[in-house]
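Hi everyone, and thanks for making time for this short talk. Please have a look at the sequence and the structure on the screen, and then we'll walk through them together.

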Amino acid sequence: LNADGSVTALRISLENTPQPPTSSGYDLHGAVTSLPVGGLIGNWVVGTVTVTVTATTVLPATTSTIVVGAQVDVHGALQSNGSVLATSITLQTNNGGGRGH
C-alpha cells in the first residue's frame, strides 16, 4: 500500500477470462426496428433479432442515416441466447431480405 492510498501490484493474473463468442461469421439483413436511446452503442433490434453494438463495432462513416426503418447488413457472432454481437454494420443500398444465415 502506497502513502497516497494506491496499491503497487506485485503480480496480476487473469481469472474468469471471457469465453469467445459461440460462433462467428453470422450475417443478418433487415430493417432496424429499435435503437438505443442517446446513441448507437447498445442493443439494437433488426427485424426481431437483438444486435449488440459496442465501441469496436465498425459502423458506416455517416451514421445520421441509421434510423428506425433503415435496411442494414449486420456481420457478427451469433450468441447462445439468439442475439448477435455485431462486428460491423452497413446500410443496404437496396431493399434486401430480412433473415440471418
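So, how many helices and how many strands does the protein chain have? It has 0 helices and 5 strands, and from the N terminus on the elements run β-β-β-β-β. A quick word on those terms: helices (H or I, at least four residues) and strands (E, at least two) are DSSP runs, numbered from the N terminus.

Before we go further, some housekeeping. This is a predicted model, where local features need pLDDT of at least 70 and side-chain atom pairs count only at pLDDT 80 or more, while totals for chains, interfaces and linings use all residues. Residues are numbered from 1 along each chain as its sequence is written, and side-chain values use heavy atoms, with hydrogens and water left out.

Now let's see how the strands come together. The 5 strands close into a barrel in the order E1-E2-E3-E5-E4, and the pairing is mixed. Averaged over this sheet, neighbouring strands are turned by 55° against each other, direction ignored. That angle is taken between axes, which are lines fitted to C-alpha atoms, for helices over the stretch in contact; angles run from 0 to 180 degrees between N-to-C directions. And two strands pair if DSSP finds at least two bridges between them.

Take E5 as our example. E3 and E5 run parallel, joined by 2 bridges, and Thr52 has Leu85 as its bridge partner in E5. With E4 the pairing is antiparallel, over 7 bridges. Here Leu85 is the bridge partner of Ala77, and His75 stands opposite Ser88. The hairpin of E4 and E5 has 5 residues between the strands, and Gly82 takes a positive phi near 90° there.

What sits in the largest nonpolar core? This core has 15 residues, and those with the most contacts inside it are Leu28, Trp44, Val51, Val74 and Ile89. At least two residues of the core come from each of E1 (26-34), E2 (42-46), E3 (49-53), E4 (71-78) and E5 (84-91). By nonpolar core I mean a set of buried Ala, Val, Leu, Ile, Met, Phe, Trp, Tyr and Cys residues joined through side-chain atoms within 4.5 Å. Buried means under 20% relative accessible area, exposed over 50%, and partly exposed in between (1.4 Å probe, protein chains only).

Do find Trp44 on your screen. Leaving aside neighbours within four places in sequence, Trp44 is in contact with a list of residues including Val32, Leu35, Pro36, Val51, Leu59, Ile66 and Ile89. Contact here means heavy atoms within 4.5 Å.

Is Gln92 buried or exposed? Gln92 is buried, with a relative accessible area of 14%. Its side chain makes a polar contact of 2.8 Å with the side chain of Asp73, and a polar atom of the Gln92 side chain lies 3.2 Å from the backbone oxygen of Val72. A polar contact is a pair of N or O atoms within 3.5 Å; within protein, one must be able to donate a hydrogen and the other to accept it, and residues adjacent in sequence count only if both atoms are side-chain atoms.

Last stop: Leu78, in strand E4. Leu78 is partly exposed, with a relative accessible area of 27%. Leu78 and Tyr26 are 52 residues apart in sequence, yet 6.1 Å apart in space, C-alpha to C-alpha.
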